[in-house]
Amino acid sequence: MSTPGKKIDLFLGPPLVALVGNPNCGKTALFNRLTGSRQKVANYAGVTVERKEGRLQTPAGKQIRVLDLPGTYGLTPRSPDEQVTTEVLHGTAAGEKRPDLVICVLDATNLRRGLRLAINIREIGLPVVVALNMADIAHKRGIPIDVDRLAALLNVPVIATVAIDGKGMDALLESLDTPEYWQHPLPLGLSLGNATRTNEPGAISDQMLVQEILDDLGIDNAYPHPLTDRIDAVVLHPVAGPLLLTVILFMIFQAVFVGAEWPTSMIEAGIGAIAGGIQQIIPVGWLQSLLVDGLLAGIGGVLAFLPQILILYFFILILEESGYMPRAAFLLDRMMGRAGLSGRSFIPLLSSFACAVPGIMATRSISNTRDRIITILIAPLMTCSARLPVYALLIAAFIPARSIMGFMNLQGLVLFGLYLIGIAMAFVIAWLLKHLTAHRQTRTLMMELPAYHLPRVQSLALGLWQRVAVFVRRVGTIILMLTVALWVLSSFPTAPMDATEPAIRYSLAGHLGEWLALVFAPIGFNWQISIALIPGMAAREMMVGALSTVYALSSDTEGAQLLVPIIAKEWSTATGMSLLAWFIFAPQCISTLAAARRETGGWGVPAVMLVYLFALAYLASWIAYRIGLYLF
Amino acid sequence: MTLDQARIGQKLIVREVLANPCQPDWHGWLTDIGFVPGEPVELLHTGVMGKDPLLFRIGHSKFALRRAEAACIEVDLYA
């Protein structure tokens with residue numbers, strides 16, 4: 001049947017099984033067990049909710065597609081993620097086939113909540129197989145569960161599983177070979193039966209059904225998790241908690257910046273060696289330039305970020321898997337709340353210190369749309385690592401290496417200050433946006449703090465691989481294309497034979513730079529800076545290479561070092577300060593804008609981002625320039 | 001009393017999730033995450049100086065709520 005005017009989707013191929021469960025019930029671990037590495041990560045149509053599909057083969061040789069639906073507490077959606085789950089289960093999601101069978105994953109240590117979901121899914125007429133996960137932990141905590149009895153009460157197959165060590169997987173796979181399990185579920189085996197239920201007082205509610213099952217199984221009391229409680233006593237302590245969080249953040253920061261130094265320089269050296277090879281083989285000309293300055297520079301620009309991103313994701317995954325992440329959000333909720341954000345904005349903002357692009361991608365976990373958009377808008381104010389080479393150059397040229405109070409270095413202090421200004425401005429902007437979008441709505445928290453888990457090596461490795469693959473595919477292609485496009489801009493038209501100035505001056509980028517120089521004259525930028533800002537649009541650190549080119553130096557590391565004395569001599573200190581201020585806001589990273597467009601599904605947010613960051617950068621540079629002129 | 005008035009360590013039982021004066025969606029959400037009549041609930045932690053957010057043990061799980069959310073939940077002392 002089809003609704004007139006509605007697109008009909010035809011789905012051929014193997015049957016589709018959906019995995020559904022509460023968050024933190026071990027659903028993803030089960031999915032990984034069932035499908036191994038045969039997974040495809042993409043997005044659901046029209047929304048930025050991650051879609052994970054895999055394949056499996058049953059013992060009888062049947063091919064099955066498995067969809068890992070976002071975790072949900074019920075069929076009353078609270079976030080875009082839960083919306084997807086509800087729509088897929090109802091068969092109303094665009095471009096998605098309605099599942100042929102649902103594996104409902106229940107956390108055996110928290111049956112009450114899971115049972116409600118299982119009953120609701122049965123009710124919408126989908127065949128259900130229950131995977132009773134973490135049955136071992138429940139048993140250890142003194143909650144033995146009679147699996148056969150539960151199956152009789154729910155009138156669906158129930159299989160005890162332990163996803164993390166693979167117990168029960170064979171039984172689960174075998175159950176998919178039983179044809180009658182693919183039929184519509186039979187009525188519940190309960191005395192309250194299948195009467196129509198409402199939330200009206202006196203009516204039979206879901207809770208009453210769940211209660212009957214729990215009573216029948218003899219499960220009722222709360223079973224605390226003593227180890228988690230003891231850890232939480234420290235982690236959530238009003239004094240010790242924030243201290244611990246600060247130490248953890250500091251260590252992650254150190255690891256990201258110090259740990260990535262060596263692999264990044266190896267990658268850069270490798271790219272440099274390849275570039276050298278190409279220069280030997282291919283004669284000087286546009287082809288050599290395209291390969292070296294366009295293509296290789298682009299690939300290098302992507303790869304140079306990989307070590308930092310890997311290390312950052314590694315720590316984020318550990319924090320997520322262990323259960324610490326929601327605790328951090330809990331501790332920061334009040335502070336973020338002052339600026340009109342929730343604790344959940346914290347992870348995306350932390351990621352943005354490496355690069356705003358993965359940060360913007362990480363905003364998906366924020367359920368409130370307004371919070372999410374504000375977080376995306378302020379993410380670029382976190383000083384990303386691409387700005388470090390620019391800061392390093394400018395600080396070396398304009399800030400004397402004087403020691404302050406005997407133990408602090410003025411250069412280091414300035415760098416720290418630049419980070420702080422970015423963070424402070426982010427809070428100011430968030431606060432302003434909160435008051436401008438003055439619906440004054442109360443935002444919900446309702447965040448679960450799951451029991452602590454020791455992270456598993458396999459799931460860490462798989463998660464790391466998937467995230468890096470997504471980053472390289474989505475961001476890598478953008479950076480690569482932009483680098484080549486900007487190479488075209490900076491190389492054509494070519495310089496005349498009798499050229500006295502560097503070639504870039506005669507190119508399109510050069511002309512653009514001259515025009516930009518008029519715009520930037522009030523904030524002290526000369527034409528060299530203005531031209532270098534254009535390649536800097538692809539990735540900010542490319543500005544350093546571009547400056548070297550403009551000053552007719554080679555664009556490698558040595559070139560950058562030679563640049564320090566040149567700009568220290570040629571530019572006024574006020575110009576240096578102005579450019580430093582500019583890069584706190586640095587609105588011209590196209591990858592960030594592209595990521596914002598992708599994540600919000602329109603040009604509105606990236607347009608606002610570009611305009612407000614540009615305005616702030618201009619204003620800050622103007623102030624810095626005036627102060628610089630006055631002081632020096 | 002409502003849950004936002006709970007003291008740390010007090011053993012409470014959910015009586016009902018109020019439809020008023022709370023936001024329309026909250027009833028369904030709070031029920032979905034486990035705030036159902038008869039469920040034992042306990043305040044475990046608060047933010048600095050007893051301010052938001054509040055951490056509750058509800059049934060077998062821990063949930064952080066804001067005070068406004070907790071105010072939608074009517075509770076009784078555990079006898």
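A: Let's start with a pair of helices: helix 17 of chain A and helix 24 of chain A are roughly antiparallel to each other. Keep in mind as we go that this is a predicted model.

Q: What angle do helix 17 and helix 24 of chain A make, and how far apart are their axes?

A: To call a pair roughly antiparallel, you look for an angle over 145 degrees. Here, helix 17 (residues 388-398) and helix 24 (residues 573-585) of chain A pack at about 155°, and their axes are 10 Å apart. There's a handedness to look for too: helix 17 of chain A passes helix 24 of chain A in a left-handed crossing.

Q: Which residues meet where helix 17 of chain A touches helix 24 of chain A?

A: From helix 17 of chain A come A:Val390, A:Tyr391, A:Leu394, A:Ala397 and A:Phe398. Facing them in helix 24 of chain A are A:Thr573, A:Gly576, A:Met577, A:Leu579, A:Leu580 and A:Phe583. Sort the residues of this contact by class and you get nine nonpolar, two polar and no charged.

Q: Is helix 24 of chain A largely enclosed or open?

A: For burial, you count neighbours: 20 or more other C-beta atoms within 10 Å makes a residue buried. In helix 24 of chain A, twelve of the 13 residues pass that test, so the helix is largely enclosed by the rest of the structure. Among the buried ones are A:Ala574, A:Ser578, A:Trp582 and A:Phe585. What do they pack against? The partners of these buried residues are helix 17, helix 18 (410-436), helix 21 (527-533) and helix 26 (604-631) of chain A.

Q: What span should helix 24 of chain A have, and which value do its end C-alpha atoms give?

A: You take 1.5 Å a residue and compare. The 13 residues of helix 24 of chain A should span 18 Å, and its end C-alpha atoms are 19 Å apart, which agrees. The buried residues of helix 12 of chain A include A:Pro307, A:Ile311, A:Tyr313 and A:Ile316.

Q: What is the phi of A:Asn24, and where does A:Asn24 sit?

A: A:Asn24 isn't a glycine, but its phi is positive, about 65°. You'll find A:Asn24 in the loop between strand 1 (16-21) and helix 1 (27-35) of chain A. With 19 other C-beta atoms within 10 Å, A:Asn24 is partly exposed. A:Asn155 isn't a glycine either, and its phi is positive at about 60°. A:Asn155 belongs to the loop between helix 5 (147-154) and strand 7 (158-161) of chain A, and its 15 C-beta neighbours inside 10 Å make it partly exposed.

Q: How do helix 16 and helix 18 of chain A cross?

A: Their axes come within 10 Å and cross at roughly 145°, with helix 16 covering residues 369-378. The crossing is right-handed. A:Ile374, A:Leu377 and A:Ile378 in helix 16 of chain A meet A:Ala426, A:Ile429, A:Ala430 and A:Leu433 in helix 18 of chain A. By class, that contact has seven nonpolar, no polar and no charged residues.

Q: How many residues do chain A and chain B each bring to their contact?

A: Chain A brings 24 residues and chain B brings 27. On chain A's side, helix 3 (111-123), helix 13 (324-338) and strand 10 (447-448) each supply at least two residues. Helix 13 of chain A gives the most, with four residues. The side of chain A that touches chain B divides into ten nonpolar, eight polar and six charged residues.

Q: How many helices and strands does chain A have, and what box do its C-alpha atoms fill?

A: Chain A has 26 helices and ten strands. Its C-alpha atoms fill a box of roughly 95 × 55 × 45 Å along the principal axes. Of the 632 residues in chain A, 43% are buried.

Notes: Residues numbered from 1 in each chain as written. Chains lettered and ligands numbered in written order. Predicted model: local features only at pLDDT ≥ 70, side-chain atom pairs only at ≥ 80, totals over all residues. Axes fitted to C-alpha atoms, helices over the stretch in contact; angles between N-to-C directions. Parallel < 35°, antiparallel > 145°, perpendicular 65-115°, else oblique. Left-handed = near helix turned anticlockwise from the far one by under 90°. Contact = placed C-beta atoms within 7 Å. Nonpolar A, V, L, I, M, F, W, Y, C, P; charged D, E, K, R; others polar. Expected span 1.5 Å × (residues − 1).
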